[in-house]
Amino acid sequence: MTVTVTAEHVYHEPVEVVVATHLTKFPNEYDPNIISCSIIERKRDKDGRHYTKRVAAVRNVLPSILRRVETLQVDNFELEEECWWDRRLRKFNVETHNLSVSHWITMREASVFTPHQQNPNWTQFEQEGTITVHGLGKFGCLIEMFSKRFLSAGAQHGITITEKLMAEKSKRLTSLWYSEFLFA
């Protein structure tokens, strides 16, 4: 069985600001479950899109009852994220999947950030995430039920974090601009 979760949100910031925030948001003080995030590769592809590949270490948040499978008894999981930023079209695609325990659990997320149709200075965000547990029978169903709640909450938490980080950046820039203006 595969569990699917979707999320949508409108950021009241241009795509460029949301993309810059996404690419620099982890780790941060708002999500202690993201331990590290390292850039593995950065390049421009044949179509002129900017490509970034990152690997994140994420705390294992599975409840202890679900960690009865030996390979799930780890402190951290690794996730790989691939991003394509088409500056000309103002479109940002993100695909994420798990590297750890992939023989038991397959987690995938696909996100798209585009200008909002009614206001091109806003960003439309759409995400679909899936989790499939392989070969664990009823135990796998428990993991899928937990994962569905976790993915739904995680998507909303990610949106909230992005909003907070953009607000902080805006406040710092405004403060800097005013201080430069007032003391010039």
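Strand β6, residues 105–115, pairs with β7 through 11 bridges. The two strands run antiparallel. Within this pairing, T114 has Q124 of β7 as its bridge partner. The model is predicted.

Strand β7 also pairs with β1, which covers residues 2–11. Here 10 bridges join the strands, and the arrangement is again antiparallel. V10 is bridged to Q124 in β7. Strand β7 itself spans residues 123–133 and is mostly covered. Of its 11 residues, 8 are buried. In a regular strand, side chains alternate between the two faces of the sheet.

These strands belong to a chain with 2 helices and 7 strands. The order from the N terminus is β-α-β-β-β-β-β-β-α. Among contacts with a separation of 6 or more, 56% involve residues 24 or more positions apart.

The C-alpha trace spans about 65 × 35 × 30 Å along its principal axes. The protein chain has 184 residues, and 38% of them are buried. Its accessible surface comes to about 11,100 Å². Carbon and sulfur atoms contribute 55% of that surface. Charged side chains number 23 positive and 23 negative. The centres of the two sets lie 0 Å apart.

How values were computed
Residues are numbered from 1 along each chain as its sequence is written. This is a predicted model: local features need pLDDT of at least 70, side-chain atom pairs count only at pLDDT 80 or more; totals for chains, interfaces and linings use all residues. Side-chain values use heavy atoms; hydrogens and water are left out. Helices (H or I, at least four residues) and strands (E, at least two) are DSSP runs, numbered from the N terminus. Buried means under 20% relative accessible area, exposed over 50%, partly exposed in between (1.4 Å probe, protein chains only). Contact means heavy atoms within 4.5 Å. Accessible areas come from the Shrake-Rupley method with a 1.4 Å probe; for residues, only the protein chains shown count as cover. Lys and Arg count as positive and Asp and Glu as negative; His and the chain ends are not counted. The place of a charge is taken as NZ of Lys, CZ of Arg, CG of Asp or CD of Glu. Two strands pair if DSSP finds at least two bridges between them.
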